[in-house]
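Me: Could you walk me through this model, one question at a time?

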Amino acid sequence: MTLSDPAERAGRADAPPVISIRNLTKTYASGYQALHAIDLDIRAGEIFALLGPNGAGKTTLISIICGIVNLSGGVVLADGHDVVTDYRAARSQIGLVPQELSTDAFETVLATVTFSRGLFGKPADPVYIEKTLRELSLWDKRHSKIITLSGGMKRRVMIAKALSHEPRILFLDEPTAGVDVELRRDMWQMVRGLRADGVTIILTTHYIEEAEEMADRIGVISQGRIILVEDKAVLMNKLGKSELLLHLQQRLETLPDSLSGWQLALADDGSELVYTYDAQAESTGITALLRQLDALGIEVANLRTRQSSLEDIFVSLVHAEP
Ligand SMILES: Nc1ncnc2c1ncn2[C@@H]1O[C@H](COP(=O)(O)OP(=O)(O)OP(=O)(O)O)[C@@H](O)[C@H]1O
């Protein structure tokens with residue numbers, strides 16, 4: 001593989017954007033402005049997680065890119081095609097797995113997925129459809145009517161439909177809402193497999209764990225504005241705090257004044273000292289702190305460290321919004 005190979009560059013900063021959004025605004029007929037001047041590039045081959053509280057504008061944004069909702073201002077290109085003026089070409093590159101399961105309950109799995117492909121004007125390709133159904137563990141169910149499938153299987157059918165026309169970009173709107181842990185893990189596995197095939201994946205999720213597990217990059221949307229876009233690893237390094245939790249032999253009523261220079265807080269009714277430090281720093285100060293506590297006669301029964309999760313980071317970001 002050479003460096004100029006698109007697969008090699010997949011998801012990297014120098015990969016060309018597969019979706020490019022400039023100054024996008026949306027005001028609904030009600031007068032409500034759901035999106036404010038959104039600028040966002042999605043890189044080819046990445047898994048991008050869009051996080052945001054209820055009503056932040058995630059579905060509106062996805063629906064505009066997929067051509068389901070009209071934009072009010074700005075430009076959106078999907079694989080270089082303008083989603084308004086070149087709708088068909090743009091849409092042919094996009095697969096959408098919506099939040100709601102909507103499909104013909106009395107059709108068979110195979111017929112539904114084959115029909116979906118036809119809707120995009122693509123010639124029949126039974127080999128591709130079989131491969132897709134096999135990858136989604138649906139091949140054995142291909143002759144089953146959708147109504148007879150479990151919720152998890154129905155969700156897989158929605159994904160197979162979205163992939164039926166071989167899109168380069170797949171949107172998953174809350175892909176694992178309401179599914180059990182096992183299926184969630186299966187779906188994560190499957191999404192990773194799709195990325196390995198070169199599909200760019202954009203998912204919205206309420207499960208921070210899902211973004212933490214899956215995403216290459218994370219975008220946070222709040223009140224119709226993108227407030228942050230960052231590589232997941234960078235985000236967790238930059239904003240993630242490390243804490244040292246010191247369980248004390250004896251409760252402390254208050255912190256001694258001589259400790260005021262440390263980032264310390266008392267917790268658990270005074271029986272725990274929490275020291276927040278920068279894990280990236282050359283010196284965390286832990287040794288010096290322990291020495292000082294010892295000198296003050298404050299005995300530590302045991303200690304453990306804790307790394308703040310993406311969830312902590314997300315909550316603090318969204319709460320910091322006016
Ligand atoms: N057709 C509509 N007319 C008027 N307002 C709308 C319409 N659709 C959505 N909105 C409003 O736009 C805002 C963004 O909604 P959207 O569904 O995009 O949010 P979301 O981030 O996807 O939320 P959730 O996580 O709950 O799905 C909300 O305040 C919503 O009430």
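The questions below cover the ligand shell, a helix pair and the domains of this predicted model.

Me: Which helix gives the largest share of the shell around the ligand?
Reply: Happy to start there. The ligand's surroundings include Gly 55, Ala 56, Gly 57, Lys 58, Thr 59 and Thr 60. Helix H2 covers residues 58-65. With three residues in the shell, the largest share comes from helix H2.

Me: How many charged residues does the shell around the ligand have?
Reply: Let's go class by class. Four residues of the shell are nonpolar and seven are polar. Lys 58 is among the residues around the ligand, and Lys counts as charged. The number of charged residues in the shell is one.

Me: Are H4 and H6 roughly parallel or roughly antiparallel to each other?
Reply: The axes of helix H4 (residues 109-119) and helix H6 (residues 151-163) come within 8 Å and cross at roughly 30°. Angles under 35 degrees count as roughly parallel. H4 and H6 are therefore roughly parallel.

Me: How many nonpolar residues are in the contact of H4 with H6?
Reply: From H4 come Val 109, Thr 112, Val 113 and Ser 116, which meet Val 157, Ala 160 and Lys 161 in H6. Two residues of this contact are polar and one is charged. The nonpolar ones number four.

Me: How far apart do the C-alpha centres of domain 1 and domain 2 lie?
Reply: The domain assignment places domain 1 at 6-237 and domain 2 at 241-309. Between their C-alpha centres the distance is 45 Å.

Methods
Residues are numbered from 1 along each chain as its sequence is written. This is a predicted model: local features need pLDDT of at least 70, side-chain atom pairs count only at pLDDT 80 or more; totals for chains, interfaces and linings use all residues. A residue is near a molecule or strand if its C-beta atom, placed from the backbone, lies within 6 Å of it. Helices (H or I, at least four residues) and strands (E, at least two) are DSSP runs, numbered from the N terminus. Axes are lines fitted to C-alpha atoms, for helices over the stretch in contact, and angles run from 0 to 180 degrees between N-to-C directions. Angles under 35 degrees count as roughly parallel, over 145 as roughly antiparallel, 65 to 115 as roughly perpendicular and the rest as oblique. Two residues are in contact if their C-beta atoms, placed from the backbone, lie within 7 Å. Domain bounds come from an automatic or database domain assignment.
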